[in-house]
Amino acid sequence: MPPPCSLLCHLATLLCVWALCQAQLDTKLPPGTPIIQLRLAGDKHKHYEGRVEVYYNGEWGTVCDDDFSIHAANVVCRELGYVEAVSWSPSSKYGKGEGRIWLDNVHCSGLERTLAQCESNGFGVSDCKHSEDVGVVCSQRRIAGFKFISTLTNNVESLNVQVEDVRIRAISSQRKRVPMTEGYLEVKDGGKWRQICDLEWTQMNSRVICGMYGFPGEKRYNTKVYKLLSKRRKKNYWGFGVNCTGNEASLHGCKLGHKVELRGNATCEKGLPVVVNCVPGRAFAPSHAQGFSKAYRVEQPLVRLRGGANIGEGRVEVLKNGEWGTVCDDSWNLEAATVVCRELGFGSAKEALAGGKLGQGMGPVHMNEVKCSGFEKSLTECYFNRDALGCSHEEDAAVRCNVPAMGFQNRLRLSGGRNPFEGRVEVLAEKNGSLVWGTVCSDSWGTIEATVVCRQLGLGFANNAFQETWYWPGDVSADDVVMSGVRCSGTEMTLAQCLHHGKHLDCPRGGGRFAAGVSCSETAPDLVLNAQVVEHTTYLEDRPMYILQCANEEHCLSSSAAAATSSSYRRLLRFSSQIHNNGLTDFRPRAAHNSWIWHECHRHYHSMEVFTHYDLLSLNGTKVAEGHKASFCLEDTQCEEGIEKRYECANFGQQGITVGCWDTYRHDIDCQWIDVTDVVPGDYIFQVVINPNFEVAESDYTNNVMKCRCRYDGHRIWMYNCYIGERLEITATFDYWSNALNR
């Protein structure tokens, strides 16, 4: 039994915690406390960071960084509805503010309810300049509920008005609809769900609500149905209205509307409860004929997302003059990110990411210093600076969007794994008229299929695809195979959207120990070939057959070489390959170190039997010559400044490509060629494909292909117009860009 002193200490601690909780729960401020509002402003990329601004005496002003601390930052963040502060920044990191500097030498204990309670020089007493404006970064986690910005002109006594939750409650005839797009808007206040009177409700308010729920737009609804229902239902109205401008990311950014006089059944006599009707993006719109069988494809040709782990996130890329390029993160903010999200059929933006957080792109930087109002139909309609000088791909902008709740995660699960990111794949399928859990046949199961599973579960990228899962004992009742013949393209939102056998299953090995499995990862590598290096290093070499015996053994020559004499020559199209890892994780061979294959002739190990394919194609796409490269040495040849090399092939060392590094296969090594001995003169397409069998999971496979135009006259060869991924000649884009550049 602990000594009495220990018990007293524990009791004192509990009393202190209780007192702190009571202080935090008490929403009333001491008499005489100045009434202020706070907001985060300036050059920010996330809604939970920015320059601290204070509204006092009818005027917005800033806070000086003198004596500011993490305790003061905590008070600011809690007052804004966030759980806590992560950090604070001096010296106007988020830009210089304007107007008065309201507070200076702020001292907080961290327990204050408002920044106005902290000690300071007094409002307006400061010797600071705006170059000393303080900023904060708050935790992403919000205090439960939605806290509104008051206008101070609505005769609202308390500025601390918030609701616990918000929902769209569908009427009975639409409750099974997925996604749920229409219904009564209700807020949870005091533990009860309440409606909002629609007398001051605007289309802009509906736009914000729909954006929160992952929908790009809103539309009118059938008022007759809801008028009839309103007469039959007992109503319980909330005591306030809501005032949104329409470009807010969520209700957190909206102002509190006027007070509503609560008079029982007579409340909102001339109005009705608010109803919202949202328009889903094309990828989420249900089709009566096909359900959700259509794969997720961004159909808008001007903007796309790349490198994102989950639906609705990725690096922003725009199409200009037929070439995809990135957006510089200078001035990148939630308004611009929301324009991108809505343009692509999602809702408003959850986050505007900077600094290449979702991987670095290749090619040009098309846009810089983008400024949007939030109402543009396309990012190309926003004002931007055409001069991207000083912008590198380390500054590529990205977004995370709100997406509709589709319930995809309820129809798939991983079972038996050591952690939530791995396990046997089990799907919910209809069998004999009822829904049962079962396994997926592992025949033809690969990385692309695993990628779709990880995306559907919101677990990021595929790390590995497994065709045996005996070491993961799943649910015994789910051993039976319920899905077979799965073939995915990689763009699908769910495994059910992939091609599969349907009700006619065919799985010779059965489920159980041979069921399909996956492991997922929040990050992945991303290999990209430097097209310019290929274009600048291409040449022809005539090489005698007697020094190509090792290359012939490794099948690096065309089939006619088998009958060639040792004194004959082979004509080789040689070039260098510089392969960059622009992802967020190191690229490592799938095969374990001890399972690499030794090649006696060249006397080296192959960590991947096929690392790249080299092809020469006719203009209609027919293959006329081919080559391939095994990864006998994946290593960091060079790295960007500040990044250390981690992989080196010497002495049977570990192989891989570090993030921010590149591996160079020089033109003068074996098999770094295409054998064009039998090719006739003409115009061709030269193609290189990295990681062609998808052996190693990547965040983006679309940039693994490089193509060049190629002309061969029988003696010389010209390589030109090399590009990565898709190259589109869309004349419609020129009008958008010419208009944007003239702004």
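## Asp 586 and its partners

Let's start with one side chain: that of Asp 586 makes a polar contact with the side chain of Tyr 647, at 2.9 Å. The Asp 586 side chain also reaches the backbone nitrogen of Val 659, at 3.1 Å. Keep in mind that this is a predicted model.

Where does Asp 586 sit? You'll find it in the loop between β32 (577–581) and β33 (597–599). Asp 586 counts as buried because its relative accessibility is 14%, and the cut-off for buried is under 20%. If you skip neighbours within four places in sequence, the residues in contact with Asp 586 include Pro 525, Asn 581, Arg 646 and Ile 657.

## A four-strand sheet

β32 also belongs to an open sheet of four strands, in the order β29-β32-β38-β37, with antiparallel pairing. At the edges stand β29 (527–529) and β37 (638–639); each has a single partner strand, so one side of each has no neighbour in the sheet.

Now look at β32 and β38 (residues 661–665), which pair in the antiparallel sense over four bridges. Pick out His 580 and you'll see that its bridge partner in β38 is Trp 662. As background, strands of a sheet pair through backbone hydrogen bonds.

## Two nonpolar cores

The largest nonpolar core has 32 residues, and Val 316, Trp 332, Val 340 and Leu 379 are among those with the most contacts inside it. Several elements give two or more residues to this core, including β17 (313–320), β20 (365–371) and α5 (334–343). Which element gives the largest share? That's α5, with six residues.

How many disulfides does the structure hold? There are 15. A disulfide is a covalent bond between the sulfur atoms of two cysteines. One of them joins Cys 372 to Cys 382, with 2.1 Å from S to S, and this link is right-handed, with 110 degrees about the S-S bond. Cys 372 and Cys 382 are 10 residues apart, and each is in the loop between β20 and β21 (383–385). Cys 382 is buried, with a relative accessible area of 0%, and Cys 372 counts as buried too, at 13%.

Another disulfide joins Cys 454 to Cys 520, and this one is left-handed, at -85 degrees about the S-S bond. Cys 454 lies in helix α6 (residues 447–456) and Cys 520 in strand β28 (residues 517–521), so the pair ties together parts 66 residues apart in sequence. Then there's the disulfide between Cys 556 and Cys 671; both of these cysteines are buried. This pair ties together parts that are 115 residues apart in sequence. Cys 710, on the other hand, is in no disulfide: the nearest cysteine sulfur, that of Cys 708, is 8.1 Å away.

Ile 717 lies in strand β42 (residues 717–724). Buried or exposed? Ile 717 counts as buried, at 15% relative accessibility.

Finally, check out helix α3 (residues 203–212), where eight of the 10 residues are buried. Among them are Asn 205, Arg 207 and Ile 209. After α3 comes Gly 214, whose phi is positive, near 90 degrees.

Technical notes:
Residues numbered from 1 in each chain as written. Predicted model: local features only at pLDDT ≥ 70, side-chain atom pairs only at ≥ 80, totals over all residues. Heavy atoms only, no water. Buried < 20%, exposed > 50% of the residue type's maximum accessible area, 1.4 Å probe, protein only. Core = buried A, V, L, I, M, F, W, Y, C linked by side-chain atoms within 4.5 Å. Polar contact = N/O pair within 3.5 Å; in protein donor to acceptor, adjacent residues only side chain to side chain. Contact = heavy atoms within 4.5 Å. Pairing = 2+ DSSP bridges. Disulfide = S-S within 2.5 Å.
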